[in-house]
Amino acid sequence: MSDLDRWIAQLRACRPIAESEVRELCHKARELLIEEGNVVTINAPVTICGDIHGQFHDLMELFRVGGDVPDTNYLFMGDFVDRGFYSLESFLLLLCLKVRYPDRMTLIRGNHESRQITTVYGFYDECLRKYGSANVWRYCCDVFDYLALGAIVLGASNTVSGQSDDVEIEVHNSDGQVISRFLRQKEGDNNKQGGKTGGTPNGTTTTNGAPPPAQTSSPPTLTGPPGSGASGSSSGSLGNPAGAVLCVHGGLSPLIDKVDKIRLLDRKQEVPHEGAMCDLLWSDPDEIDGWGLSPRGAGFLFGADIVKVFNHRNDLSLIARAHQLVMEGFKEMFDASIVTVWSAPNYCYRCGNVAALLELSEDESGLGVLARSNGDVNRSDGGVGAAGAAAGAGPRSGVLMEGDLLARRTGPARKYRVFQAAPQDSRGMPAKKPVADYFL
Amino acid sequence: MSDLQKRWAKAKMSNALHAMATPPVPEFNEFDEDRYGSGLVANTPQDDDSSSASSVSSTGTVIPSPGRALFARPQGFPGRSLDPIPWTTYFERELFLPAEDGSITYHAYLTSPAPSAGPGKSPGPLFVTHHGAGSSGLSFAVLSSEIRKRLPSAGILSLDARGHGLTTTTSSAANGVEGGGPEREREDLTLATLASDLLSVISLTKTAMHWPSLPPIILVGHSLGGAVVTELACSLATTSSSSNKPAQQQTGSVPLPVSGSGQLVDLDLDLLGYAVLDVVEGSAMDALQSMHAYLATRPAGFDSLRDAVEWHVRSRTVRNAVSARASVPGLLVHSSSSQSQSQSPTQAQSRTQGQEGGGETPGGGDGGQDGADMEEKKREEFPVAGVNGGTRGKGGSSKPWRWRTDLAKTQPFWEGWFGGLSKKFLSGRGGKMLLLAGTDRLDTELTIGQMQGKYALQVFPEAGHFIHEDLPEKTAIALVDFHRRNDRSALVLPPKVSEMLAQGKRV
């Protein structure tokens, strides 16, 4: 494997490897990926990352902030390529790490991992520029077809490591300092967030001059973690053993009501223009009721009700997804039932956003039963009985009532690390194309 | 002249007349009737090399005049024709729509959408297209037939904006023989006026065609037209959300159409979405500085429509010869002729023959081609070019075919056209699609918007600025697909959870 280590070293220095080496790497990667299911099952601890988009130097910053491979387990939720100037190096490095540390590195497919999209948004041109032929692009695209469509994270702890049981969300800056903390909401405490522990609302400790969060006295006022400026409903959820976390690039599909249905797809193809596979990679959550038309031209919009029913049916506590630029790096929505993680700071070198990582720690308590979400245990009642009993949350009927929809699901403890763009190395950046000369 | 040559001259002449969309229809001889009269989409010219399929063009290419054959270098596009294609090939009819206050007569090309097939079925959509500055409604000619090929029920309404094409304001019309030139300079080309013009044309078309109601509409705008359709879509969103009382319609940013407020209220615009072709606020603003330099590199005039088509194709301004043949004639006007709407066939005939004479002078034709070559090179190293442009301009002053619209004179309006466009584009109601010739044209606001999934983006890197003329087929596919996704009559979303609960279903 010395070849592989050499490639990794070379790619870490942002120097592409030779075409023949790419070919060999892609071949190995394909052999590895073909063994993976459409939905990869991984265990906590894991660090979940969103879009990278060829911003190689920011990927290095990400590894600095989140910890290096193989010391940290990573899950990248797609969109490694396009738009940035180093798609090739970024993707090949991730692929190398995947081949070198298969169980510590998980890559799933984004909508940009497609032939059609990469020809338009830069990856194809970059390969052509750096190798003089499209062969490398073709090798990479073949790998894209084998990438998994989603991942399930099991065994996430519902306490942030090193903290008391009460902390549900902790936001760190890139130097590891805590920007803010959110306490877990106790049962029966649903609508009295203001009256919780600590002097500040939501029990938040504020440092780094971040503004204190707005008081959330009524549920419809959604506030996110202060300091991040994120808006969302991450005001905490009831504490009981964490369910599984589904990770997917885009979101849900009207054709997929169970995680198991994802497993049945034939993924080894170009991303289609419609259908379940397309939706998983293209859809977005939105503040609507039910399903809606996506303005993107592919996939759907889905509302809080859809997410909650899906999470309930599949015994998920959280859906983690990427796909949408969030200026604050991450955004929790729908009572923390879904979170968007975005890991490309200052996207396209000009959008001015920060990026984030999501760390899920390992459940070390040894308590509770892991609620498997694979659909393989006790699924006859939709998992409700098992999860409910384990949580001691009282009997629930198999029929889901309106009130149940509103009931907060368990959430794993979430540690976000927010980071900025790396100081940009302007070498190697293609000169800005001259403006179009006729524009009236 | 041989009989054959005469026939060719006649064919050429009537091409020119058609291209200028001159009513009343000039007298046809049987020969012409055979070629133009009939089918709409059925016999549209195919691209380039297959031009022998088009009888119109074959007359032109097969029999070159002796003068050209001797002195002009071989055609730059062997086997291809550069003869203008009349608008009748692409549109069902043209409409002259006088505004009620008589200040302006709009001109538009229309192919009607298929009426609704039955109760409950909605009629075909109407694509309303608005061209960019300096262009004309014929810019969308080829696109319209491509759309119809894929969506036969669709209609296309392509208007000439004021100061462009055959739309006339009364002041310029009154000037008659002197030509619209000086008057056109004073046209009010503010964005608000253009947007209200667009609304007026839609409403006047409805009246003129006696449609009981408007079909669902998709607005399509290229360049300046993109800003206009965005403005209209935005103002529709604000007016309809603020109030639907007639009195308060006045508060909308778009002034009422001249035809009166009553009509606007009746005009229940079913806007499915809007598509903007190759214009983005950031890059347009950047490009404005170099516009004068660019305009200076354009020839000021052409010897013939054919030369003009050739220049457009050679300079890659329009990269599709068929599109150029259809659209370029609409951009030019013969300076010796009047601006009046009808040109008598005799006039036109004499002009055509005069052209023949010009062709016999070797300098004329040859020089034009050299010039075209130079233009091509200059465009490559733009914006350094432009020095030569001045001399080109002077040289062209003797040439009879001049630009209809003096773009340089529209400069006072430029910034107003594009300022705030990105924000408006994102805030309008209905589906949104942006078609660009390159991803580098996105500005920061639209980059963020795109990555947040607020609109659909299509990029055709192989196209130039005139995307819909360069790639009419791909653009049509994108537009038809855009319609399909936004067609509410066909849209069936999965049921909402709350509805399922209400029905007592287990979810």
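Start between the chains and look for salt bridges (a side-chain nitrogen of Lys or Arg within 4 Å of a carboxyl oxygen of Asp or Glu): between chain A and chain B the count is 0. Polar contacts do turn up there, with 10 residue pairs, both partners at pLDDT 80 or more. Such a contact is a pair of N or O atoms within 3.5 Å; within protein, one must be able to donate a hydrogen and the other to accept it, and residues adjacent in sequence count only if both atoms are side-chain atoms.

Now colour the chain A side of this interface. H5, strand S10 (291-293), helix H10 (304-314) and helix H12 (402-406) of chain A each supply at least two residues, and H10(A) gives the largest share, 4 residues. Helices (H or I, at least four residues) and strands (E, at least two) are DSSP runs, numbered from the N terminus.

Before moving on, some housekeeping. This is a predicted model, where local features need pLDDT of at least 70 and side-chain atom pairs count only at pLDDT 80 or more, while totals for chains, interfaces and linings use all residues. Residues are numbered from 1 along each chain as its sequence is written, chains are lettered from A and ligands numbered from 1 in the order in which they are written, and side-chain values use heavy atoms, with hydrogens and water left out.

Next, select residues 135-144 of chain A. That's helix H7, and 7 of its 10 residues are buried (under 20% relative accessible area; exposed is over 50%, partly exposed in between; 1.4 Å probe, protein chains only), so the rest of the structure largely encloses the helix. Among the buried ones are A:Trp137, A:Tyr139 and A:Phe144. Show the neighbours too: the buried residues of H7(A) pack against helices H2 (19-33), H4 (87-100), H5 (115-121) and H6 (123-131) of chain A.

Which residue meets A:Arg6 in a salt bridge? Pick A:Glu21, at 3.4 Å from N to O. A:Arg6 sits in helix H1 (residues 2-12) and A:Glu21 in helix H2 of chain A, so the pair ties together parts 15 residues apart in sequence. A:Arg6 is partly exposed at 40% relative accessibility, whereas A:Glu21 is buried at 15%.

Then jump to A:Glu170 and A:Arg181, whose closest N and O atoms are 2.6 Å apart in a salt bridge. Both residues are buried.

Last stop: select A:Arg30, A:Arg109, A:Arg115, A:Asp142, A:Asp145 and A:Glu270 together, and you'll have a network of salt bridges on screen.

Key. Contact = heavy atoms within 4.5 Å.
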